[in-house]
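Thanks for coming. I will go through one structure today, starting with a term we need and then moving to the chain itself.

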Amino acid sequence: MQGGGGAYGAGRATGHFDLSVYIKKPEVILRAVTWLLSMIVFSCLSSSADFYGEVNCNRDDNVYTVYPLGVTISVIAFCGVMGFLVLDALFDNISSVQKRKYIVTADMAFSGVWTFMSLVCFSYTTPQVQL
């Protein structure tokens, strides 16, 4: 067991930022994948078209009444991922244990809520589309 790490790694806080180390972190890789997927979801829903150039909806035959939830969730996920990517970059330079605790707690809360919201969105929009 290593000593001197402090709570949430605050004892290892340095002023040095290394981009190659940052990009190789697993959480940064997963956030980049999440960022890409949120852009894909947003672009697919906002274009309101499938491979055939049209979307057939069971309800109201109007795409814009069915998909605003998905577009909203994907845009907020995109913004949240960008914010947490910045916080991940700054995390090693934060020496305050309390600030690190707030960042980790916010990350966990956002991830949990947005996982649930993505499930709700998927469950809501999937039965609406007939290809």
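First, what I mean by a pocket. On a 1 Å grid over the protein atoms alone, a pocket is an open set of points where a 1.4 Å probe fits, with protein on both sides within 12 Å along at least five of seven lines; lining residues have an atom within 4 Å of a point.

Now the ground rules. This is a predicted model, where local features need pLDDT of at least 70, side-chain atom pairs count only at pLDDT 80 or more, and totals for chains, interfaces and linings use all residues. Residues are numbered from 1 along each chain as its sequence is written, and side-chain values use heavy atoms, with hydrogens and water left out.

The overall layout next. The protein has five helices and two strands, in the order α-α-β-α-α-α-β along the sequence. Helices (H or I, at least four residues) and strands (E, at least two) are DSSP runs numbered from the N terminus. Of the 131 residues, 27% count as buried, where buried means under 20% relative accessible area, exposed over 50%, and partly exposed in between (1.4 Å probe, protein chains only).

Helix 2 (26-47), helix 4 (68-91) and helix 5 (97-125) each give two or more residues to its lining. Among the lining residues are Lys25, Arg31, Phe84, Asp92 and Asp107. By type, the lining has four nonpolar, no polar and six charged residues; Asp, Glu, Lys and Arg count as charged, Ala, Val, Leu, Ile, Met, Phe, Trp, Tyr, Cys and Pro as nonpolar, and the others, Gly among them, as polar.

His16 sits in the segment before helix 1 (19-23). Is His16 buried or exposed? Histidine 16 is exposed, at a relative accessible area of 59%.

Last, the record. The unreviewed UniProt entry annotates residues 28-49, 69-91 and 103-125 as "transmembrane region"; such annotations may be inferred rather than shown by experiment, feature names are shortened, and positions are given in the numbering used here. In the model, residues 69-91 are 100% helix and 0% strand, with end C-alpha atoms 32 Å apart. For residues 103-125, the end C-alpha atoms also lie 32 Å apart, and the span is 100% helix and 0% strand.
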